[in-house]
Amino acid sequence: MAAPVMEAVEALESHLHPTPSFTIDDHPYPKGQEEIWRFTPLRRIGSLLTDAPSDAHLTWTESYPDGVTSRTVSTEQARALVAEAPIDRVSVLAAARSGGARVIEIAPDAELTEPVSITLTGTGQHVWGHLVFKVGARAKGTILMRHEGSASYATKVDVLVGDGAKVNFVSIQDWADDAVHGGHHSVLVGRDAEVRTVTVSLGGKVVRLAETARFAGPGGSLEQFGLYFVDAGQHIEHRLFVDHNAPNTHSNVDYRGALQGEGARSVWIGDVLIRKVAEGISTYESNKNLVLTDGCRADSVPNLEIETGEIEGAGHSSTTGRFDDEQLFYLRSRGITEAEARRLVVRGFFADIVRRIGVPEVEEHMMAAVERELSVTMGAYA
């Protein structure tokens, strides 16, 4: 499914778009001045950039409903299955050194009543990983992937969605405080398919995820939602690229983050390319950041590249600020304490993203995690 699309679109010549390649030498060790690396703390992710062998694995806990199968393929076989070749050094090393890929497949026309659930737990080791999710034509379901524990983890994740399928793909980074996680998630949206991704990043010392998406044919719809909560000393970075390479496609991106504590740093880079062939498309990308304390930094860079004027609409927005004084005043005028008012504002800020996860018990867990994060800051207003 991927090959015809990749052959049909012209190559990108831009410092914003690294050329996808499985050749490690095409992704040299970054110096930090490169556009795709200038926000990243390279010294803190050195283990993900160094070409060193490792046979370690994360511990897997899996739950597959009927209609789902799993198999392991070789490194060479995995290359033929991906939605896109690796776009950075972290992901090319992950694909090359993982020893193969785990392929999880949802059968065509399957309608899953329970989510595909995978929990990956680290035990302090350095791990290379490659996962491929293949969703058959007209299938419907939710895929839930969680990361926990401690690890230095480099990963390549591919999500290939068949024509007419409807999929909710949820990735949760709830690592221990010392974990380092980097990788590339690539999505290929089939003709007339509906894809929603939800990316949640809460734990870890450094999390850096590049997320790319393209379309295998017209009529596809893509929604990408994200939530991140950054504490003191944490660096969480999300880099998104949506390639509208087919006509009559739709995309919507909404990422929201909160920051608290000295040295908390978030980076969000959003880029949408509308190619000449992508007539009749609509797209919008948004990033909102809520700064809860002094000493934080939120970098937010939305981009739009438009090569045709024959579109329904395209836009982007980015906001970074503190609490809305009017909201706080309204709540306090109703007898609500300042601490509770601030908590309610943050819960409301994230609630619209959390509800899109589509798994009630996970939604509850995420809101509880947000509450735990808030307890660090809100105590000062009690």
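1. Two residues are in contact when heavy atoms of theirs lie within 4.5 Å. In this predicted model, valine 195 has such contacts with Val161, Val167, Val187, Val189, Ser221, Leu222 and Glu223, leaving aside residues up to four places away in sequence.

2. Valine 195 belongs to strand E8, which covers residues 194–201. Is valine 195 buried or exposed? Its relative accessible area is 4%, and buried means under 20%, so valine 195 is buried.

3. Serine 221, one of the residues that valine 195 touches, sits 26 residues from valine 195 in sequence. In space, the C-alpha atoms of valine 195 and serine 221 are 6.2 Å apart.

4. The protein chain as a whole has 7 helices and 16 strands. Among its contacts with a separation of 6 or more, 86% are between residues 24 or more positions apart.

5. For 382 residues, a compact globule would have a radius of gyration near 21 Å; the protein chain has 20 Å, so the two agree. Along the principal axes, the C-alpha atoms fill a box of roughly 60 × 50 × 45 Å.

6. Of the 382 residues, 57% count as buried. The accessible surface of the protein chain is about 15400 Å², and carbon and sulfur atoms hold 48% of it.

7. The protein chain carries 36 positive and 53 negative charges, and their mean positions are 3 Å apart.

8. On confidence, the mean pLDDT of the protein chain is 91, with 91% of residues at 70 or more. Residues 1–9 have pLDDT below 50, and this stretch has 20 contacts in the model beyond near neighbours in sequence. Where pLDDT is low, predicted coordinates should not be read in detail.

How values were computed:
Residues numbered from 1 in each chain as written. Predicted model: local features only at pLDDT ≥ 70, side-chain atom pairs only at ≥ 80, totals over all residues. Heavy atoms only, no water. Helix = DSSP H or I, 4+ residues; strand = E, 2+ residues; numbered from the N terminus. Rg over C-alpha atoms; globule rule 2.2 N^0.38 Å. Buried < 20%, exposed > 50% of the residue type's maximum accessible area, 1.4 Å probe, protein only. Areas by Shrake-Rupley, 256 points an atom, 1.4 Å probe, with all protein chains shown as cover. Lys, Arg positive; Asp, Glu negative; His and termini not counted. Charge placed at Lys NZ, Arg CZ, Asp CG, Glu CD. pLDDT = per-residue confidence, 0-100.
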